[in-house]
Amino acid sequence: MYELYEQLLPTKLYTKEKTQTSTDGEVLCRLCGKVAESVAHVLAGCSSLAQTKYLYRHNAALKILVFELLREHGLMEEVPPWYSPVMPKPAYQNTTSEAFWDIPIYAEHNEVRANRIDARLVNHERKEVCTIEMSCPWIESRAKKDEEKTLKYGPMMWELKQRYNGYRVEQYNVIIDVLGVTLNT
């Protein structure tokens, strides 16, 4: 773990700049070929990994929280173990609550560009709408990512307030960096 945090792993950039053991001097990423291959790039910035490995990591971390919320709201009886390959279903519903996993919301009252919230929980009994957005950025990008998520989904929060008139609508940004550290806000 220390090696990850200190960026001491043998990436192309490390072998060229730190150890000077690179034979060809090439530092571009082996996967995307666009940016220098550093620990930060491989763990959080490679476009070749974005829609596969990063998405899997994101969903695997978020599902633990979502399953607990589903159980708490009576939408699920038993929570699968954290290591289970089981993913949440797109929608859950009972007499008092609804929950949605990665389902787009189509705006009726304003133009919304970002309409695919990671998870949304609606409690009709308590008149609450809770949205959860998650990100797994590089260490130095935690605060920036939190702000980005809030700005990105601002119009959607306004749309949900219009749709669920009289409900309290809250957005929760779960920011866990690639090494597992959370943002304290």
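**View 1. Helix 6 across the sheet.** Helix 6 (residues 154–163) lies across strand 3, strand 4 and strand 5, and runs at about 150° to strand 5. Helices (H or I, at least four residues) and strands (E, at least two) are DSSP runs, numbered from the N terminus. Axes are lines fitted to C-alpha atoms, for helices over the stretch in contact, with angles from 0 to 180 degrees between N-to-C directions. The model is a predicted one, in which local features need pLDDT of at least 70 and side-chain atom pairs count only at pLDDT 80 or more, whereas totals for chains, interfaces and linings use all residues. Residue numbers start from 1 along each chain as its sequence is written, and side-chain values use heavy atoms, with hydrogens and water left out.

View 2. Five strands form an open sheet in the order 1-2-3-4-5, with mixed pairing. Its edges are strand 1 (91–93) and strand 5, each of which pairs on one side only. From one strand to the next, the twist averages 10°. Two strands are taken to pair if DSSP finds at least two bridges between them.

**View 3. Strand 1 with strand 2.** Strand 1 pairs with strand 2 (residues 97–101) in the antiparallel sense, over 3 bridges. Y92 has A99 in strand 2 as its bridge partner.

**View 4. The hairpin of strand 3 and strand 4.** Strand 3 (residues 119–123) and strand 4 run antiparallel and are joined by 5 bridges. N123 stands opposite E128 of strand 4. The hairpin has 4 residues between its strands, and K127 takes a positive phi near 55°.

**View 5. Strand 4 and its parallel neighbour.** Strand 4 (residues 128–135) is largely enclosed by the rest of the structure, because 7 of its 8 residues are buried; buried means under 20% relative accessible area (1.4 Å probe, protein chains only). Strand 4 runs parallel to strand 5 (residues 168–175), and 8 bridges join the two. S135 has I175 in strand 5 as its bridge partner.

**View 6. Helix 4 and N59.** Helix 4 lies across strand 1, strand 2, strand 3, strand 4 and strand 5, running at about 160° to strand 4. N59 belongs to helix 4 (residues 47–72). This asparagine, N59, is buried, with a relative accessible area of 19%. Leaving aside residues up to four places away in sequence, N59 touches M87 and W101, where contact means heavy atoms within 4.5 Å.

How values were computed:
Buried means under 20% relative accessible area, exposed over 50%, partly exposed in between (1.4 Å probe, protein chains only).
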